[in-house]
Amino acid sequence: MSERYTVKVAKDYLVFCSGHFISYEGHQCERLHGHNYRAAVEVQGPLDENFYVFDFIALKKAAKVIVDELDHFMLLPTNNPVIHIQEQGAEVHAQYKDRRWIFPRGDCVLLPIENTTAELLARYIAQRLLADLRDQYRFMPELLRVEVEEGPGQLAVFEHRREG
């Protein structure tokens, strides 16, 4: 018999309020706007010697550190093929065709992603969380699932399954 267990945290403090805009259909770009995002994190694996998959407290803490870094910032994708981001001293310049935005550098998080969609924000959070769980706790879940909700009833999910 093979048993697997899942632990999920979806607390009220796993939220981040951020500005963003995305490119879509290869030739369009949204207007600048924001969301009150909610994140949830789930890990799966066998029970350890303490009879749990992973400590709830440590999982909440690790997830909160990441979402807090996104809270009350402008989220900008540095790998977008049509939105160009450039740091210029104390400013960040964003450009899409003839549209330009200038933001104070301290108000921005430059993310190594292609677009600031909920899907890619979930992947970013998951990748950061995997690294933190591995480095701080020597824990690699069989499955890590991250949900990012842009608004009630509208969410994206990213899953990472351990190979091997």
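Helices (H or I, at least four residues) and strands (E, at least two) are taken here as DSSP runs, numbered from the N terminus. The model is predicted, so local features need pLDDT of at least 70 and side-chain atom pairs count only at pLDDT 80 or more, while totals for chains, interfaces and linings use all residues. Residues are numbered from 1 along each chain as its sequence is written, and side-chain values use heavy atoms, with hydrogens and water left out.

His72 sits in the loop between α1 (56–70) and β6 (74–77), and its phi is near 65 degrees, a positive value in a residue other than glycine. At a relative accessible area of 60%, His72 is exposed; the classes used throughout are buried for under 20% relative accessible area, exposed for over 50% and partly exposed in between (1.4 Å probe, protein chains only). Arg138 is another non-glycine with a positive phi, this time about 55 degrees. Its place is the loop between α2 (118–137) and β11 (143–151), and with a relative accessible area of 80% Arg138 is exposed too.

Next, the sheet built from β7, β8 and β9. Strands of a sheet pair through backbone hydrogen bonds, either parallel or antiparallel. In this model, three strands make an open sheet in the order β7-β8-β9, with antiparallel pairing. Its edges are β7 and β9, each of which pairs on one side only. Ignoring direction, neighbouring strands are turned by 20 degrees against each other on average (axes are lines fitted to C-alpha atoms, for helices over the stretch in contact, and angles run from 0 to 180 degrees between N-to-C directions). Pairing requires that DSSP finds at least two bridges between two strands. Between β7 (residues 84–88) and β8 (residues 91–96) there are five bridges, and Gln86 has His93 as its bridge partner in β8. The hairpin of these strands has two residues between them, and Gly89 takes a positive phi near 65 degrees there.

A polar atom of the Arg99 side chain lies 3.0 Å from the backbone oxygen of Cys29. Arg99 is partly exposed, at 29% relative accessible area. Its C-alpha atom is separated by 56 Å from that of Glu49, 50 residues away along the chain.

Aromatic rings come next. Rings of Phe, Tyr and Trp (its six-membered ring) pair if their centres lie within 6.5 Å; planes under 30 degrees apart count as stacked, over 60 as edge-to-face and the rest as tilted. By this rule there are four aromatic pairs. Phe16 and Tyr37 are stacked, because their ring centres are 4.6 Å apart and their planes lie at 15 degrees. Phe16 is in strand β2 (residues 15–20) and Tyr37 in strand β5 (residues 33–45), so the pair ties together parts that are 21 residues apart in sequence. Phe16 is buried at 1% relative accessibility, and Tyr37 is buried at 0%. Elsewhere, Phe54, Tyr137 and Phe139 form one aromatic cluster.

Tyr37 also turns up among the contacts of Leu14, along with Val9, Arg38, Ala39, Lys60, Ala63, Lys64 and Val67, when neighbours within four places in sequence are set aside. Leu14 lies in the loop between β1 (5–9) and β2, yet counts as buried at 0% relative accessibility. From Leu14 to Lys61, 47 residues apart in sequence, the C-alpha distance is 9.6 Å.

Finally, the nonpolar cores: sets of buried Ala, Val, Leu, Ile, Met, Phe, Trp, Tyr and Cys residues joined through side-chain atoms within 4.5 Å. The largest has 37 residues, and those with the most contacts inside it are Phe16, Val43, Leu59 and Ile125. Elements giving two or more residues to this core are β1, β5, α1, β10 (108–111), α2, β11 and β12 (154–161). The largest share, 10 residues, comes from α2. Apart from this core lies another, of 11 residues, among them Leu76, Val92, Trp101 and Phe103. Back in the largest core, Leu59 touches Val7, Val9, Val41, Val43, Phe54, Leu129 and Leu133, not counting residues up to four places away in sequence.

How values were computed:
A polar contact is a pair of N or O atoms within 3.5 Å; within protein, one must be able to donate a hydrogen and the other to accept it, and residues adjacent in sequence count only if both atoms are side-chain atoms. Contact means heavy atoms within 4.5 Å.
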